[in-house]
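Trainee: I would like a close look at one part of this model. Please take me through it step by step.
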Amino acid sequence: MATKSLLARNKLIAKAEKQLEYLANGMFKNGELPTFQKKLQLTNNFPLKPKKLEILQLNLGYMCNQVCEHCHVDAGPDRKEIMTQETMEACLKVIQKTNAHTLDLTGGAPEMNPNFRWFVEEAAKAGIQDFIVRSNLTIIQANKKYYDLPNFFKKHKVHVVSSMPHWTKGKTDKQRGDGVFDKSIKALQQLNAIGYGMPESELKLDLVYNPSGAFLPGNQAALEADFKKALFEDFGIHFHQLFAITNLPISRFLDYLIASENYEDYMYNLVDAYNPAAVKNVMCRNTLSVSWDGWLYDCDFNQMLEMKVDSKVQHISDYDETELQNREICISQHCYGCTAGAGSSCQGNVV
Amino acid sequence: MADSYYDSKDLRNFPKISEWSEELGEKFFDYYGKVFEKGALSEREKSLIALAVAHVVKCPYCIDAYTQDGLQRGITKEEMMEAVHAGAAIEAGANLVHATQMMKKYNKLSH
């Protein structure tokens, strides 16, 4: 298990341009598989245009206390990219006037941003309908200063969304690091104890499932039932929904696919599972992603590939929702990850 | 042309068998799809049965397919291995139960 990001290890694949080059070559270049653009054209979905904006997703920084094997952010303790208070203030201006009903804070571990609490307090005042923090759970026990995070979340009615690759220790620790499973279980129990995830509770606690390897997620409802049964029977844990998310072939997961010689089969699986119905609801059509330094992207994955929105407006400081709605969404072969099967988004299946 | 009888990439071409016999191919794939839908048994249970049978019939394509299918469904390696043993036990049992015939014949031919 790596303890440093690809960037810190000076891996060439850490560079976005190298990833895009890899995704454009091979079986997509020689025509063995259709490019994503070609596939959209064949199913009358090109160009991909936004629908009504519903979700504003802010990446508060790439620093994280974990170094997960599949991480598309290449996050880790060595990453120094952190959203400044100035950029947060620009975001707050947008949050106050946006038509989006969901605000989604992600990272890295967003809680590691030194201005995280101030920002949550300010953002909560905007009265946005659904205020999500993507918390990796172990952060709650990483340091004394994070111990009271569950109560802080509760105070601001934050909707907690957390990753959990499996209900068994072995699989979880293999993907997310030694000891992550035990700490995650403890954190979930703490959250349950103050009402998070309990049946009928308004304090929402959802889990995210990413496959721990070169395979696609199975049926979300069936996985949710298995997770609920196992976590309750083994640990007395409750949660609300399970979001099954497909690993996209970028960053550390792409590096893993190449190194394990699974890249070709994985891309075949994604292309075979292309579902035009998923394209209708793919998350880039109702989401805008803001990077730690304020640039705008169609989604968090495009952010990591440094594919800024194709619009006159590219930075949060120039934000213009109407103008942004007229853009065309930037695509590459990684997008097959969101259109496979029942589709994949930060909110799970889309079909 | 590959120089071995099995090439894992051939599995990708499985749907193409319909090209040479459309009606039969389609009927097979419709049936196949229906069989693995949730019914009295869950899809998860059916996946484990398929994995066990894949080993019994020694089909490398099916083993690849149902190992991956099991992973997608969150089936653990312990569950997969137990399923394979269930298939293997039946296969061994099917072999050994014929020993009763050997015993019968032996006894009949012997003083």
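At what angle do the axes of helix H2 of chain B and helix H4 of chain B cross?

Mentor: First, the ground rules. This is a predicted model: local features need pLDDT of at least 70, side-chain atom pairs count only at pLDDT 80 or more, and totals for chains, interfaces and linings use all residues. Residues are numbered from 1 along each chain as its sequence is written, while chains are lettered from A and ligands numbered from 1 in the order in which they are written.

Now the pair. H2(B) spans residues 43-56 and H4(B) spans residues 77-97. Helices here are DSSP runs (H or I, at least four residues), numbered from the N terminus. The two axes cross at roughly 50° and come within 8 Å. Axes are lines fitted to C-alpha atoms, for helices over the stretch in contact, and angles run from 0 to 180 degrees between N-to-C directions. The crossing is right-handed: the near helix is turned clockwise from the far one by less than a right angle.

Next, the residues that meet. H2(B) brings B:Leu48, B:Leu51, B:Ala52, B:Val53, B:His55 and B:Val56. They meet B:Glu79, B:Met80, B:Ala83, B:Val84, B:Ala86, B:Gly87, B:Ala88 and B:Glu91 of H4(B). Contact means C-beta atoms, placed from the backbone, within 7 Å. By class, ten residues are nonpolar, two polar and two charged. Nonpolar covers Ala, Val, Leu, Ile, Met, Phe, Trp, Tyr, Cys and Pro; charged covers Asp, Glu, Lys and Arg; the others, Gly among them, are polar.

Methods: Helices (H or I, at least four residues) and strands (E, at least two) are DSSP runs, numbered from the N terminus. Two residues are in contact if their C-beta atoms, placed from the backbone, lie within 7 Å.
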